[in-house]
Structures are given as structure tokens and as C-alpha cells.
Amino acid sequence: MLDEGDFSVVRRAFEAESLTPDVRYVVYDDYTILSMVQLGLGISMLYERVARGFEEQVALVPLHHAPKRRVALAWKSRDTLSYAARGFADFLLNEK
């Protein structure tokens, strides 16, 4: 299981369903988890954007009621953002 600390979306999803996962390993990197799954060491619940592109190496099964996570974008002053950071923020804010 990915160690996300107190804000673990996966842990909260299990708790919401009154389930207790059988966790054997806790790691800090999504790609370590994908490698372990690929080697047959278990299964995991990962974010779609992390798992995308690994369809040939592991079986990806979408969840009907997939947990969601909110992501925030923050900066102190837009005027001090680099051109790249400003462009990235504009891209995210205009994406629908």
C-alpha cells in the first residue's frame, strides 16, 4: 500500500466500506507498487493516472465506485511565478 500518511484515499475507501485490507508492504513510491504487482507479489489500488500505460504489464480493473481525491494548486503571488509555472496553472485552470 502506498504510504500517504493521514490523508490516504485508499485507506479511507476501505474504511468507508468497513473493510480491513491485508497490507503486507507499505512503500513510498507508486512505481514500486506496480513492479511488485507485476512480479506477482500482490494486488493494489492505485490512481488511474499512475497506472495508465502499464496495461501490458499488469491487469487494470476499474472500480465502479472509485474513490476520488481533490488536488489543489497554490502559489503566493502569480506575478512571481515563472513563465512555465504560469502556463501550467493556466492549463489546469482552463481544463474542463
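D90 and R78 form a salt bridge in which the closest N and O atoms are 2.4 Å apart; the term denotes a side-chain nitrogen of Lys or Arg within 4 Å of a carboxyl oxygen of Asp or Glu. The pair links distant parts of the chain, with D90 in helix α4 (residues 83–94) and R78 in the loop between α3 (48–51) and α4, 12 residues apart. Helices are DSSP runs of H or I of at least four residues, and strands are runs of E of at least two, numbered from the N terminus. D90 is partly exposed at a relative accessible area of 31%, and R78 is likewise partly exposed, at 30%. Here buried stands for under 20% relative accessible area, exposed for over 50% and partly exposed for values in between, with a 1.4 Å probe and protein chains only.

The model is predicted, with local features requiring pLDDT of at least 70 and side-chain atom pairs counting only at pLDDT 80 or more, while totals for chains, interfaces and linings use all residues. Residues are numbered from 1 along each chain as its sequence is written, and side-chain values use heavy atoms, with hydrogens and water left out.

In total, the structure holds three salt bridges. Side chains of opposite charge can pair when their charged atoms come close. R24 is joined to D22 with the closest N and O atoms 3.0 Å apart, and both R24 and D22 are exposed. In the salt bridge between E48 and R52, the N to O distance is 3.6 Å. E48 is exposed, with 60% relative accessibility, whereas R52 is partly exposed at 48%.

The largest nonpolar core consists of five residues, V9, L34, Y47, V50 and V58. Such a core is a set of buried Ala, Val, Leu, Ile, Met, Phe, Trp, Tyr and Cys residues joined through side-chain atoms within 4.5 Å. Leaving aside residues up to four places away in sequence, V50 is in contact (heavy atoms within 4.5 Å) with D30, Y31 and L34.

One aromatic pair is counted, where rings of Phe, Tyr and Trp (its six-membered ring) pair if their centres lie within 6.5 Å, and planes under 30 degrees apart count as stacked, over 60 as edge-to-face and the rest as tilted. The ring centres of Y31 and F54 are 5.9 Å apart and the planes stand at 35 degrees, so the pair is tilted. Because Y31 lies in helix α2 (residues 30–38) and F54 in the loop between α3 and α4, the pair ties together parts that are 23 residues apart in sequence. Y31 is partly exposed at 42% relative accessibility, and F54 is partly exposed with a relative accessible area of 23%.
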